Every structure is written in C-alpha cells, then in structure tokens.
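Dear colleague,

I am handing over the structure below, together with a short account of what was found in it. Please read the account with the model open beside you.

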Amino acid sequence: MSNGKQPLKVTLLGTGIPNPDINAFGTSTLIEAGEERVLIDCGRGATVRLSQAGYPLGITDTVILSHYHSDHYSGLLDLVMTGTIQQPFSNRGGPLHLYGPPGVKDIAEGAWQVSKPDRDIRVADSEIDPEHMRIIPHEYREEGLVYERNGLRIIAIEVDHGEFIRPAYAFRVEYGDAVFVHSHDTRYNENLIAQAHGADVFVHEIAAARAESLAKYPRIQIAIDHHASPAEVGRVFAQTQPRLAMLTHLVLLPPNPMTIEEVMDELAEEYDGTVLVAEDLMTIVIGKNISVVPFSHGASGARHKPLRA
C-alpha cells in the first residue's frame, strides 16, 4: 500500500557479489519516494546502472552504506567524481552526503585526496565547483533511524555478517504504508527477523556450495560462513511472512556452483511462499499493488526530480 500520494519505487541497480560479473554488478539500490532519491550502497558499476536505467548521476546527493566490504561501496569514487560534471548525464549540484558506520569519515577524507588530480584539472578548466566533489560524512554508530525526510524513513537494523565485519546493517525503508526491507549481507539473524515483520517486499541475500567444492577448495567456507544458507533464508521468510520474498547477492561459487533450482528446493523445505530471484535493473513499485518489472520491459527510467538545495 502507498501513502495515498505516490508509491515507493525501488530499483535494484546491482545484485551481485565481489566476483566480477557483467550481469550482476555490486550491491546498489535506488530508493524513490515522492521527491526523495536515496542510494543504499554503491557497489561496482553503480554509475553505469544508473545511466542504463535512464537516470543522470546527479539524481541523488545521498548515499547510505551498510558495511565496508568492497562490493558495497567500490563505485562511490566514480559517483562522487563523475557526478560533478555539469552535463545532462551527470549534473549533481552539490557535494555528496554519505551516511555510514564508523569509517565513513576515512572514506570522505580519502576520496578527497584521491580525486584531487581530476578536481584540479576540472577546476582550472572552469568545468566544476570543487566543493561538488566533496563527500560530507554522516556517521551512525548504532541501529535505528538513519534518514528521515519528506515522509521517507530509512532504519538501520544491525545484522551479523561475521566477527570482523562489525557493525553491519540491513535496512527497513518506510514510506506511507509501504515497507521495503533489504538484508544486505548477513548470517541468519534474529534481530533482522524481529524488525522485518510487516514488509511488503523483503529482499534477502543467500549463499550455498556443494560439499565436494568445500572439500576441494576450503577457502570457499570463509565466504559461506558469512552468509545465510537457503534453508536459513527459508526460515527467515517463514517467520516474517512478507507479501513478496526475493533473493539477491547469490553467493554460488565455482567451480561447480549450485543451481538456482537446487537452491530453491532447499529453501522450499522451510518456506512454501512465492520467491523471486532479483536481477540488476529490476524495478519494484509498492503502491496499490506490488509490481516487479525486469529492465527488459522498461519499468526503470526516470521521472527526474530536482535535488534539494
């Protein structure tokens, strides 16, 4: 259900993992709610996916990060640098506001240093305002409300992504009556389950590997141990009962990865509802109903709105 005015629109720009894959870029999700445009995570290729979806890079001046694995923020430098160029494909009119756990200030300082050679050239050429290439950090240290503006609420939910990846967060996005939850990277997590009830759409990561692959390549176990298995994801959906369940960030590692059919069979042992597999550039609109449209059918593409001053 919408807020009675406009629906909540979610574009899954990237649904992949660290492995380079032309079909599944790094995690990145565009949230559109009325006048608000917010990017949650900014993985590899986020700028390319924004362009493919018909958006200028300046569609948003706000990025919220879930944690600091590279596939969730490696596209940030491209967004902050290229986004300053004053042409229709880009055209951000100010600095980039970056919300994240402790470490976000390091990213802001580092990006300012790394972007200096490009910034100096473009400033000398009277092409950009140098301040537009600045990241303004907003640090949050615990779960709870991270962003609230014009009826859009984005709530961080602490999850368990492993001993050395703390803190890490999922997000609950609320706009009117519409609720979208994205697990980001996590093991099976009771805190996420407790805060994901009432979701219209719940997107959850997943990981699986064959026993023979784990035996032959034991380092795969490190990756698997940081994520939720198909049976565990099934239990999450069974306990939260979203109107629509979706899988993303599929950690199905070579050399002999499990098939989607095998993953779904294992998940179905715990959950008998409908489950969709997310793809890059898939658009979800939560309004009078829930529509999920792949990019090939043209649901993505923008009704561009001005950014706040």
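Contact here means heavy atoms within 4.5 Å. With that in mind, Leu152 touches Ile31, Ala33, Glu36, Val38, Tyr147, Val173, Glu174 and Tyr175, residues up to four places away in sequence not being counted.

Some conventions come first. This is a predicted model, in which local features need pLDDT of at least 70 and side-chain atom pairs count only at pLDDT 80 or more, while totals for chains, interfaces and linings use all residues. Residues are numbered from 1 along each chain as its sequence is written, and side-chain values use heavy atoms, with hydrogens and water left out.

Leu152 also belongs to the largest nonpolar core, which has 29 residues and in which Leu8, Leu152, Ile154, Phe180 and Met246 have the most contacts. Strand β9 (residues 168-175) gives the largest share of this core, 4 residues. Such a core is a set of buried Ala, Val, Leu, Ile, Met, Phe, Trp, Tyr and Cys residues joined through side-chain atoms within 4.5 Å; buried means under 20% relative accessible area, exposed over 50%, and partly exposed in between (1.4 Å probe, protein chains only). Helices (H or I, at least four residues) and strands (E, at least two) are DSSP runs, numbered from the N terminus.

The sheet is an open one of 7 strands in the order β7-β8-β9-β10-β11-β12-β13, with mixed pairing, where two strands pair if DSSP finds at least two bridges between them. β7 (144-149) and β13 stand at the edges with a single partner strand each, so one side of each has no neighbour in the sheet. Within the sheet, β11 (residues 201-208) and β12 run parallel and are joined by 8 bridges, and Val203 has Met246 in β12 as its bridge partner. Thr248 lies in strand β12 (residues 244-252) and is buried, with a relative accessible area of 4%.

Two backbone details deserve a careful look. His184, in the loop between β10 (178-182) and α5 (190-195), has a phi near 50°, a positive value in a residue other than glycine, and counts as buried at 1% relative accessibility. Pro254 and Pro255 are joined by a cis peptide bond with omega about 15°, and Pro255 lies in the loop between β12 and α9 (260-268). Most residues other than glycine have a negative phi, and most peptide bonds are trans.

With best regards
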